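Biologist: Before we discuss any particular feature, could you show me the model and then take me through how such features are read?

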Amino acid sequence: MSKYNIPILMYHSIELMPKSTVMRSLHVPPRSFKLQMWILKILGYKGLSIRELKPYLDGNKKGKVVGITFDDGYQNNLLNAAPILIKYNFSATCYIVSGGLGSSNTWDLEKGITQRPLMTDSEIKLWLKLGMDIGAHTKTHADLTSISINEAQIEINDCKRELENKFNIKITDFCYPFGQFNELICNMIKDSGFLSATTMNRGRATYESNRYMLPRIPINHRTLLHLFLVKVLTRYEDNK
Ligand SMILES: [Zn+2]
């Protein structure tokens, strides 16, 4: 069986930000995002949420598919990305910090990183209604490897429970805050009833990838179209 690559794209904020923005690279301008989705469509790819990508990761389905993920749950995902995703009949997973609804990326405050609003309860409901999906990103965006096992379990369980209760949806997909995880945390995610977890490890996923250590392809402000294509279509990211 030849190696069947499944790129999973990692986005954060989709917004045109001024030059003074700290960590401006995390903000992909809507125009660039639109171009990226357009080129995927033109090439015959379908952009899918992690939930919809699962049969492909399991090897039960084959096709030209790309996973689309957004970390943290920024309001601009709903305002700027969702209309483009809908236009191309794509879906995507947004990883939500359950304790941060309607707030901002306060976990970045200490580093002076520019703050952007996170979706409120009703905005997430709208995101779901539009055919998009959500996953868990802990309760407070905690680095799970730097807190006690008990605290980590609470971060994971509370997030899953809160999102399931609020949005009446089964939460099966997780994303490690700051991309931080280890074997213990990995097993914890598995035992907590999740079916997948994405990392910040770079590369394209394959059917052989560990479901709880899924690599992704970072897309940022500086990812111009030719680099985007190289990242998705070639081995460029696989050994990064
Ligand atoms: Zn995050």
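Predicted model: local features only at pLDDT ≥ 70, side-chain atom pairs only at ≥ 80, totals over all residues.

Modeller: Residues are numbered from 1 along each chain as its sequence is written, and side-chain values use heavy atoms, with hydrogens and water left out.

Biologist: Which protein donors does the zinc ion have?

Modeller: Donors are N, O and S atoms within 2.8 Å of the metal (3.2 Å for Na, K and Ca), and since water is not among the atoms, sites may look incomplete. Here the zinc ion has Asp72 (OD), His137 (NE2) and His141 (NE2) as its protein donors, at 2.1 to 2.2 Å, and along the chain these donors follow the spacing D-x64-H-x3-H.

Biologist: Are histidine 137 and histidine 141 buried or exposed?

Modeller: Buried means under 20% relative accessible area, exposed over 50%, and partly exposed in between, with a 1.4 Å probe and protein chains only. Histidine 137 and histidine 141 are both buried.

Biologist: How much space lies in the largest pocket, and how much in the largest cavity?

Modeller: Rolling a probe the size of a water molecule over the atoms shows where empty space is left. On a 1 Å grid over the protein atoms alone, a cavity is a set of points where a 1.4 Å probe fits but cannot get out, whereas a pocket is an open set with protein on both sides within 12 Å along at least five of seven lines; lining residues have an atom within 4 Å of a point. Grid points are joined across faces, edges and corners, and a volume is the space filled by probe spheres set on the points. The largest pocket holds about 370 Å³, and the largest cavity about 50 Å³.

Biologist: Which residues lie nearest the centre of the largest pocket?

Modeller: Of the 20 residues lining the largest pocket, Met10, His12, Met23, Leu26 and Met200 lie nearest its centre. The lining of the largest cavity includes His12 and Leu26, together with Tyr74 and Asp108 among others.

Biologist: How is an aromatic pair read, and how many does the structure hold?

Modeller: A pair of aromatic rings is described by the distance of the centres and the angle of the planes. Rings of Phe, Tyr and Trp (its six-membered ring) pair if their centres lie within 6.5 Å, and planes under 30 degrees apart count as stacked, over 60 as edge-to-face and the rest as tilted. The structure holds eight aromatic pairs. In one of them, phenylalanine 33 and phenylalanine 70 have ring centres 5.9 Å apart and planes at 55°, so the pair is tilted. Both phenylalanine 33 and phenylalanine 70 are buried, and ring pairs link Tyr11, Phe33, Phe70 and Trp127 into a cluster.

Biologist: Which residue lies over the face of tyrosine 4?

Modeller: A charge sits over a ring if NZ of Lys or CZ of Arg is within 6 Å of the ring centre and within 35 degrees of the ring normal. Lysine 62 lies over the face of tyrosine 4, at 4.8 Å from the ring centre, and the charged end of lysine 160 sits over the ring of phenylalanine 194, 5.5 Å from its centre.

Biologist: What is the phi of methionine 23, and what is that of threonine 138?

Modeller: Methionine 23 has a positive phi of about 65° although it is not a glycine, and it is partly exposed, with a relative accessible area of 41%. Threonine 138, likewise not a glycine, has a positive phi of about 70°, but threonine 138 is buried, with a relative accessible area of 0%.
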